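Biologist: I have a few minutes before my next run. Can you walk me through this model?

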Amino acid sequence: MADQIRVLVVDDIPETRDHLTKLLGFESDIDVIGSAASGREAIQMAGKLHPDVVLMDINMPDMDGITATEQLSTTAPGSAVVMMSVQGEADYLRRSMLAGAREFLVKPFSSDELTASIRQVSLREREKQSRIRAGAPVTPSASATGDGDGGQIVAVFSPKGGVGRTTVAVNLAVAVAKELGKRVVVMDGSFQFGDVGVLLNLNPKSNSIADLIPVLEAGEIDSIDTFVVDHSSGIRVLLAPPSPEMAEMITPAAVKQVLEILRRSHDLVVVDCTAFFNDTTLAILDAADVILTMLSLEITSIKNIRLFLEVAEQLGYESGKVRLVLNRADSTLGIRVADVEHSIGRKVDETIVSDGRSVVYALNRGIPFFVSNREAQVSQDILRLARSVVGERAGAAAGADSRKSAQKKSLFAWR
Ligand SMILES: Nc1ncnc2c1ncn2[C@@H]1O[C@H](COP(=O)(O)OP(=O)(O)OP(=O)(O)O)[C@@H](O)[C@H]1O
Ligand SMILES: [Mg+2]
């Protein structure tokens, strides 16, 4: 049947190949059309069989999964690779994505995670192919743009820690709630070491995502209200688990489900992501309508941004989904914004000034600076960011124009 997803399984261990083949045999829309024991064999078979999806192990003698994936991107560009590995390290994920893999599964994974990944990758690839055939630009699907039911999901991400994600996520949320009158929730997506609660001075014993997930899995959820905490600034918060080991229960599928629920009852869902590029972060980035990618004027931050932009392209994110936000943009560190833009080959979309006094004063008191120092330039920069993120959805064309002029102004202000 034309709709069947044709899968090639690649793993050097015969039992694993058999197990995966059997598992996938239960799915009526998936056909395993072959299995290969090495990277080299995978390339030969993919050339003949043209699978939709290649389920690829990373560690194999002969040729490893990353090298094989790299070669497949030229020999079998229509086959999308889902990488499997026992190593969940950021470096493996990044190298796989750069090699052209579309998804990354960390062993052991459930059969639901496996089939969901295969379906998602295959759907994304089919959409991409049909757009290419139609000659249309690559744009995200309706669900990813938030055109469906509910609000917008904005992920605040950076491939490097300490660049101001939590600070920006929280203050952006407050600005949208207070000034633009929207219903806003912040999800702390830094599941192991989240600090959104600290910035907002919330009781660490409050309910968190760790309480929500078991209820969701049992299918007993009536309302999200019990699990989100109201903050005096007008925003709501879904906290990270109280202890790091509880983060393990949070799977990519659960994250997607939680985001969908939050989206249904809010105009804006802001997610503070970790800098660790793992499978749950990827689930958040996939679900997001906009990824505010934070960078600073430091050479390591710039290098990581360049790599992330390559990964984002491999993942099929359209360029408008990723927005570059330069934090502490006026710091005098010897690197100018023009150098940054030249190095990453792209314009910075938004800038936020450095204001240690307002930011640290607010941090120490557990109040967002947008509340305690509303008139400061840093708050005004946050408001401009808020307007551009939310306004864009309301009126795409008009929003883009005003964004351009606002952006020009802010660039000239400190250049
Ligand atoms: N615009 C700014 N001006 C001055 N200080 C800032 C600004 N933005 C962030 N900071 C400071 O930089 C530090 C890091 O900020 P923050 O914790 O928000 O970053 P992060 O990316 O979330 O870090 P982590 O990797 O720890 O999660 C904090 O001390 C914060 O107060
Ligand atoms: Mg943080």
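**Loops, rings and a pocket**

Modeller: Let's start with a loop. His 50 lies between helix 2 (39-49) and strand 3 (53-57), in the loop that joins them. Keep in mind that this is a predicted model.

Biologist: Is His 50 buried or exposed?

Modeller: His 50 counts as exposed, because its relative accessibility is 53% and the cut-off for exposed is over 50%.

Biologist: And what about its phi?

Modeller: Phi of His 50 is positive, about 45°, although His 50 is not a glycine. Most residues other than glycine have a negative phi.

Biologist: Which other residue has a positive phi without being a glycine?

Modeller: Asn 201 has one, with phi near 55°. Asn 201 sits in the loop between helix 8 (196-199) and helix 9 (209-217). With a relative accessible area of 58%, Asn 201 is exposed.

Biologist: Leu 200 is in that loop too. Buried or exposed?

Modeller: Leu 200 is found between helix 8 and helix 9, and it counts as buried, at 2% relative accessibility.

Biologist: How far is Leu 200 from Ser 233 in space?

Modeller: C-alpha to C-alpha, Leu 200 and Ser 233 are 9.1 Å apart. In sequence they are 33 residues apart.

Biologist: Where is Ile 235?

Modeller: Ile 235 is in the loop between strand 8 (229-230) and strand 9 (236-238). Its relative accessibility is 1%, so Ile 235 counts as buried. The C-alpha atoms of Ile 235 and Val 170 are separated by 8.9 Å. Along the chain, those two residues are 65 residues apart.

Biologist: Switching to aromatics. How many aromatic pairs turn up in the whole structure?

Modeller: The search finds one. The ring centres of Phe 157 and Phe 308 are 4.8 Å apart, and the planes are at 45°, so the pair is tilted.

Biologist: Where do those two sit?

Modeller: Phe 157 is in strand 6 (residues 152-157), and Phe 308 is in helix 12 (residues 299-314). The pair therefore ties together parts that are 151 residues apart in sequence. Phe 157 and Phe 308 are both buried.

Biologist: What lies over the face of Tyr 317?

Modeller: Lys 321 does, at 4.1 Å from the ring centre.

Biologist: Now the pocket. How much space lies in the largest one?

Modeller: About 890 Å³. The lining has 42 residues. Ala 247, Ile 250, Asn 278, Asp 279 and Thr 280 lie nearest the centre of the pocket.

Biologist: Which elements give two or more residues to the lining?

Modeller: Strand 5 (103-106), helix 5 (111-134), helix 7 (165-180), helix 10 (252-265), strand 10 (268-273) and helix 11 (279-287). Helix 11 gives the most, with five residues.

Biologist: What is the lining like by class?

Modeller: There are 20 nonpolar, 11 polar and 11 charged residues.

Biologist: Which domains does the lining draw on?

Modeller: Domain 1 (5-134) and domain 2 (143-414) each give at least three residues to the lining of the largest pocket.

Biologist: Last one. What is the peptide bond from Lys 107 to Pro 108 like?

Modeller: That bond is cis, with omega near -5°. Most peptide bonds are trans. Pro 108 is found in the loop between strand 5 and helix 5.

Conventions:
Residues numbered from 1 in each chain as written. Chains lettered and ligands numbered in written order. Predicted model: local features only at pLDDT ≥ 70, side-chain atom pairs only at ≥ 80, totals over all residues. Heavy atoms only, no water. Phe/Tyr/Trp six-rings, centres within 6.5 Å; stacked < 30°, edge-to-face > 60°. Helix = DSSP H or I, 4+ residues; strand = E, 2+ residues; numbered from the N terminus. Buried < 20%, exposed > 50% of the residue type's maximum accessible area, 1.4 Å probe, protein only. Lys NZ or Arg CZ within 6 Å of the ring centre and 35° of its normal. 1 Å grid on protein atoms, 1.4 Å probe; cavity = no way out; pocket = protein on both sides within 12 Å on 5 of 7 lines; lining within 4 Å. Points joined across faces, edges and corners; volume = space filled by probe spheres on them. Nonpolar A, V, L, I, M, F, W, Y, C, P; charged D, E, K, R; others polar. Domains from an automatic or database assignment.
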